[in-house]
Amino acid sequence: MRARGFGFELLASEGAARSGRLATPHGEIATPAFMSVATYGAVRGVGPDELRAIGAQILLANTYHLHERPGESVIAGLGGLHGFTGWSGPWLTDSGGYQVTSLADRIQLDENGITFASPLDGQRRVLTPERAIAIQEALGPDIAMMLDECRPMNPSDTTAESRRLTEQATQRTARWAQRGADARRREDQAVFGIVQGGGDPALRKWSAEATAAIGFDGYAHGGLGLGEDRSSRVELISVANDVLPHQTPRYLMGLGRPEDLLDGVAAGIDLFDCVLPTRNARHGTLFTRHGVLTIRNARFREDPLPLDPECDCPTCAQHSRAYLRHLIQTGDSLGARLATLHNLRFYLRLLEQAREAIRAGRFAAFRASWDAAIRRRL
């Protein structure tokens, strides 16, 4: 099944890097794009209008957490995620599998799916590929994700047993993908398959081929950012991208640092998400064009400069480093909100500029100019 109202058009490329337009029933997304994480249906402390004002195009919600509370039936009855939250633009939901499997002492995983005890009420729940699709169809995002099995990656563990378990998880993910695809009922919702395979390029290639053979609206790289180095990650992405359909969007799940986004763009990724900008903001770690700024440092106590003189976010337009430091130090909720607006705008603007650079044929130079600067500590 192909989703109605969903399409992807490539507009420009430079090497593997590409810029495009992703159409959904609730609006178009210019790619490459960063998806702000709204775990419970909200980016903490930031409203829909503020997100639109800083350039957010699409939000990501957590299927598992919304299933736990308030429940997909409540959200469906109030107009799905769009009606429930007031964010009228595109939504993507994950399958909930990663969150469930992170509860390692509470789960039983087998061919049927994942059985777990809810940390909220202790009740037994079962998440299957079919159930993951049904929950997301009730939530009503524009893009839903398949249930997958994500094995923790340990690059130093090269034993035959580790390889066997990774291969088993990769093959099960492919079987679950077929079951989830067969369970689709909504014609107005895109579904992405997920490539797994740990740190093994051959397994990544096999997973990409098996997932592409089923036929999805887009494809995601899962299980990365869990211990591998940057160069290995790029290789794992590239070997899968080589066999994924060229005219479909590609999504790198859960990463990352600004340099990880630029690595991903260079490798042909179209969509990204990560909690890093919002989580770091609440603790006073801010991203700037000149490096990472730890606003709690005493040297910012009387600093009149904005967080980043080159930033166009509302925080930098109105407030000083000294004021942000004061708010964060005193635990005022305004500090976390202003810092979140800044970090999200930094990420969104970084990819806006990457899109412009690809279309102008100067992405390699753009990436080189950013790479060293954004890893500096201020």
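## Report on the predicted chain

Of the 378 residues in the chain, 55% are buried.

### Overall form

The secondary structure consists of 15 helices and 16 strands. The chain is as compact as a globular protein of its length, because its radius of gyration of 20 Å is close to the 21 Å given by the globule rule for 378 residues. The C-alpha trace extends over about 60 × 45 × 45 Å along the principal axes. When contacts between residues at least 6 apart in sequence are considered, 68% of them join residues at least 24 apart.

The accessible surface of the chain is about 15,100 Å², and carbon and sulfur atoms contribute 49% of this area. As for charge, the chain carries 44 positive and 44 negative side chains, and the centres of these two sets are 3 Å apart.

Strand β4 covers residues 33–37, and five of its five residues are buried. Here the cut-off is a relative accessible area under 20%. In a regular strand, side chains alternate between the two faces of the sheet. In β4, Ala-33, Met-35 and Val-37 point one way, while Phe-34 and Ser-36 point the other way; all are buried.

β4 pairs in the parallel sense with strand β14 (residues 271–273) over three bridges. Within this pairing, Phe-34 has Phe-272 of β14 as its bridge partner. Strand β5 (residues 59–61) also runs parallel to β4, and two bridges join them. On that side of the pairing, Ser-36 stands opposite Leu-59 in β5.

Strand β7 (residues 107–109) pairs with strand β8 (residues 114–117) in the antiparallel sense. A hairpin through four residues leads from β7 to β8, and Leu-109 has Ile-114 in β8 as its bridge partner. β8 is in turn antiparallel to strand β9 (residues 124–127), where Arg-124 is the bridge partner of Ala-117. The hairpin of β8 and β9 has six residues between the strands, and Gly-122 in its turn has a positive phi of about 75°.

| Strand pair | Sense | Bridges |
|---|---|---|
| β4 and β14 | parallel | three bridges |
| β4 and β5 | parallel | two bridges |
| β7 and β8 | antiparallel | three bridges |
| β8 and β9 | antiparallel | four bridges |

Terms used. Residues numbered from 1 in each chain as written. Predicted model: local features only at pLDDT ≥ 70, side-chain atom pairs only at ≥ 80, totals over all residues. Heavy atoms only, no water. Rg over C-alpha atoms; globule rule 2.2 N^0.38 Å. Buried < 20%, exposed > 50% of the residue type's maximum accessible area, 1.4 Å probe, protein only. Contact = heavy atoms within 4.5 Å. Areas by Shrake-Rupley, 256 points an atom, 1.4 Å probe, with all protein chains shown as cover. Lys, Arg positive; Asp, Glu negative; His and termini not counted. Charge placed at Lys NZ, Arg CZ, Asp CG, Glu CD. Pairing = 2+ DSSP bridges.
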